[in-house]
Amino acid sequence: MAGTPLSRAEHFIWLTARVLEQRRFAYHFLGGGADAVEAALTAYLNEDGGYGHALEPDLRGPVSQPLHTAHALRVLDSIGRCGGLRVERICRYLTGVSTHDGALPAVHPSIRGYPAAPFMPVVDDPPSELLATGPVVGLLHRNHVWHAWLFRATDFCWAAIDALEKSHPYEIQAAVAFLDGVPDRGRAEAAADRLGRLVRDQRLAVLDPERIDECPVAPGYAPGEHHFPHDYARVPDSLARSWFTDEEMARSLDLLAAGQEEDGGWPVRWRQWAPGTALESRPVVTVEALRTLRAYGRPIGG
């Protein structure tokens with residue numbers, strides 16, 4: 001398909017994406033309005049203040065879930081709407097589904113009976129997870145949200161990050177999302193420095209795509225589900241950017257740019273378990289790939 005990366009992606013979005021991703025694409029790249037994005041996102045909102053209806057495609061069914069709600073917060077943050085009454089309702093939902101230590105489980109048992117990815121097990125008494133809690137807490141702090149829920153949840157994230165000795169890419173990404181938003185910048189920088197050494201020591205990032213076979217895939221991940229510097233430092237001002245040299249980041253961004261497929265979209269690298277989930281996830285991945293490339297000044301057209 002001829003055209004710029006942006007024009008090719010636009011064709012893919014109009015061809016395949018949900019209304020939410022169509023409106024997000026229009027907002028970020030075509031001058032569309034934030035109201036349209038928020039209207040589309042509201043379709044996933046439940047009466048309890050959380051979000052459901054497969055907003056995060058690997059969890060199906062209508063019920064609210066922490067991962068759906070984290071996805072909604074990322075969307076609201078990206079359009080400058082992460083505040084006010086809408087976020088107050090979200091915090092009430094988060095309070096209601098938190099574990100005994102005030103943090104979030106990855107999967108709340110309310111989803112039992114609905115389809116869910118096999119790598120997201122449903123248990124009756126799920127533990128707190130940095131994976132679910134870190135991105136939510138980081139975004140709320142970055143948007144100067146005050147709510148009582150944040151106190152214990154923030155303490156949980158600090159303790160979980162301080163205790164990390166062995167990890168996996170998605171947990172590290174969650175830690176970065178927390179550290180990039182939390183107010184204590186000195187402590188965040190020190191924690192990020194330690195995590196960066198852990199990422200390099202445990203080879204959790206492919207630093208040279210030509211030597212990808214030397215990097216192991218984390219247990220439970222799909223074959224070939226590697227992670228790269230741009231997966232951790234999605235924007236240049238992320239604390240994770242300092243983990244990588246300019247050359248390593250350039251190679252990573254080259255790889256990201258080259259990953260656009262013939263139909264204009266970017267691929268899903270994690271395990272695909274149902275036909276609809278990959279179809280719904282690819283536009284999400286595509287919007288984020290374009291945002292990352294643009295954040296680093298890479299040409300995408302437009």
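The model is predicted, so local features need pLDDT of at least 70 and side-chain atom pairs count only at pLDDT 80 or more, while totals for chains, interfaces and linings use all residues. Residues are numbered from 1 along each chain as its sequence is written, and side-chain values use heavy atoms, with hydrogens and water left out.

The protein chain contains twelve helices and zero strands, where helices (H or I, at least four residues) and strands (E, at least two) are DSSP runs numbered from the N terminus. The radius of gyration, taken over C-alpha atoms, is compared with a globule rule of 2.2 Å times the number of residues to the power 0.38. For 302 residues a compact globule would have a value near 19 Å, and the 18 Å of the protein chain agrees with this. Along the principal axes, the C-alpha atoms fill a box of roughly 50 × 40 × 35 Å.

Of the 302 residues, 53% are buried (buried means under 20% relative accessible area, exposed over 50%, and partly exposed in between, with a 1.4 Å probe and protein chains only). Among contacts (heavy atoms within 4.5 Å) with a separation of 6 or more, 62% join residues 24 or more positions apart.

In soluble globular proteins, nonpolar side chains tend to be buried together. A nonpolar core is defined as a set of buried Ala, Val, Leu, Ile, Met, Phe, Trp, Tyr and Cys residues joined through side-chain atoms within 4.5 Å. The largest such core holds 85 residues, of which L140, W149, I172, L179 and W243 touch the most other members. Helix 7 (residues 149-162) gives the largest share of this core, with eight residues. When residues up to four places away in sequence are not counted, the contacts of W243 include I172, V176, A192 and L195, as well as R200, Y232 and E248.

Leaving aside neighbours within four places in sequence, H227 is in contact with residues including P169, Y170, Q173, Y232 and R269. E262 lies in the loop between helix 11 (246-258) and helix 12 (275-295).
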